[in-house]
Amino acid sequence: MLDESRHFFGKEKVKQYLDIMASLKLNTFHWHLTDEPGWRIEIKKYPKLTTIGAIGNWHDPEAPAQYYTQEEIKEIVAYASERHITIIPEFDMPGHATAVCRAYPEVSGGGEGKWEHFTFHPCKDKTYEFISNILDEIATLFPGPYIHIGGDEVHYGNQSWFTDPDIQAFIQGKKIIKRDWTRALLYM
């Protein structure tokens, strides 16, 4: 697993890792490309993901935008395939969406303080359309059978879910009890 949302390495370093993996007969590369520090994959339908969401990293929230173009992704996927390595991309959601929500605040599920805009909004049709469009582009870039969607730590940014009337109606309509609120996004 290589986390490039927090620490961007670039194409040549990724290829070096793939060569090392091949020499060790490792055949699955989990590529963590999105999280709160930065969005690292070009999505043509949503250009602000790279012009705004790709800004920053774990140590410097104002670091210049760094990301992979779709052509670079295709090149790396082909390079991995030549070495019999499958790449599993990670599009972290419904939590860890801060970089996305910086670029597209209309899909934000709220949050407070350090965790502001940490989640996707679970009740907006726009959120579902947004996620679906992103997954469509990711699926065309990665021919492997899996896309990792994260699914963890939603509770860091779901504070507004307790008071948002639309989210409360959604939770009650789906009969989700408090301890299962993070499951709300399973209904997306």
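Reader: Before any numbers, what does "buried" mean here?

Author: Buried means under 20% relative accessible area. Exposed means over 50%, and partly exposed lies in between. This is a predicted model.

Reader: What share of the residues counts as buried?

Author: Of the 188 residues of the protein, 47% are buried.

Reader: Give me the fold. How many helices and strands?

Author: The protein has 6 helices and 4 strands. Along the sequence they run β-α-β-α-α-β-α-α-β-α.

Reader: What about the radius of gyration?

Author: It is 17 Å. A compact globule with 188 residues would have a value near 16 Å, so the protein agrees with that. The C-alpha atoms fill a box of roughly 55 × 35 × 25 Å along the principal axes.

Reader: What fraction of the contacts joins residues 24 or more positions apart?

Author: 68%, counting contacts with a separation of 6 or more.

Reader: Charges next. How far apart are the mean positions of the positive and negative ones?

Author: They are 3 Å apart. The protein has 20 positive and 27 negative charges.

Reader: Now the core. Which residues touch the most other members of the largest nonpolar core?

Author: Trp 31, Leu 49 and Phe 142, in a core of 36 residues. Helix 1 (11–23), strand 2 (28–32), helix 3 (70–82), strand 3 (86–93), helix 4 (98–103) and helix 5 (125–141) each give two or more residues to this core. In soluble globular proteins, nonpolar side chains tend to be buried together.

Reader: Zoom in on Phe 142. What does Phe 142 touch?

Author: Leaving out residues up to four places away in sequence, Phe 142 touches Trp 31, Leu 33, Ile 41, Ile 73, Val 77, Ile 87 and Pro 89.

Reader: Which residues are in the second core?

Author: That separate core has 6 residues, including Trp 161, Ile 167, Ile 171 and Ile 176.

Reader: Where is Trp 161 found?

Author: In the loop between strand 4 (148–150) and helix 6 (165–173). Its relative accessible area is 0%, so Trp 161 is buried. Trp 161 and Pro 122 are 39 residues apart in sequence, with their C-alpha atoms 9.1 Å apart.

Reader: Back to helix 5. Is Phe 130 buried or exposed?

Author: Phe 130 sits in helix 5. Phe 130 counts as buried because its relative accessibility is 3%, and the cut-off is under 20%. Beyond four places in sequence, Phe 130 touches Tyr 46, Leu 49, Val 100, Tyr 104, Val 107 and Phe 120.

Reader: How far is Phe 130 from Ile 149?

Author: 14 Å, C-alpha to C-alpha. They are 19 residues apart in sequence.

Reader: Switch to loops. Where does Ala 97 lie?

Author: In the loop between strand 3 and helix 4. Ala 97 is buried, since its relative accessible area is 1%. With neighbours within four places set aside, Ala 97 contacts His 117, Phe 118, Thr 119 and Phe 120. For His 117, the C-alpha distance to Ala 97 is 7.0 Å, across 20 residues of sequence.

Reader: What about His 84?

Author: His 84 also has a positive phi, near 60 degrees. His 84 is in the loop between helix 3 and strand 3. Its relative accessible area is 65%, so His 84 is exposed.

Reader: Last one. Is Lys 114 buried or exposed?

Author: Exposed, because its relative accessible area is 70% and the cut-off is over 50%. Lys 114 lies in the loop between helix 4 and helix 5. Lys 114 and Tyr 156 are 42 residues apart in sequence and 9.0 Å apart in space, C-alpha to C-alpha.

Terms used:
Residues are numbered from 1 along each chain as its sequence is written. This is a predicted model: local features need pLDDT of at least 70, side-chain atom pairs count only at pLDDT 80 or more; totals for chains, interfaces and linings use all residues. Side-chain values use heavy atoms; hydrogens and water are left out. The radius of gyration is taken over C-alpha atoms; the globule rule is 2.2 Å times the number of residues to the power 0.38. Buried means under 20% relative accessible area, exposed over 50%, partly exposed in between (1.4 Å probe, protein chains only). Contact means heavy atoms within 4.5 Å. Lys and Arg count as positive and Asp and Glu as negative; His and the chain ends are not counted. The place of a charge is taken as NZ of Lys, CZ of Arg, CG of Asp or CD of Glu. A nonpolar core is a set of buried Ala, Val, Leu, Ile, Met, Phe, Trp, Tyr and Cys residues joined through side-chain atoms within 4.5 Å.
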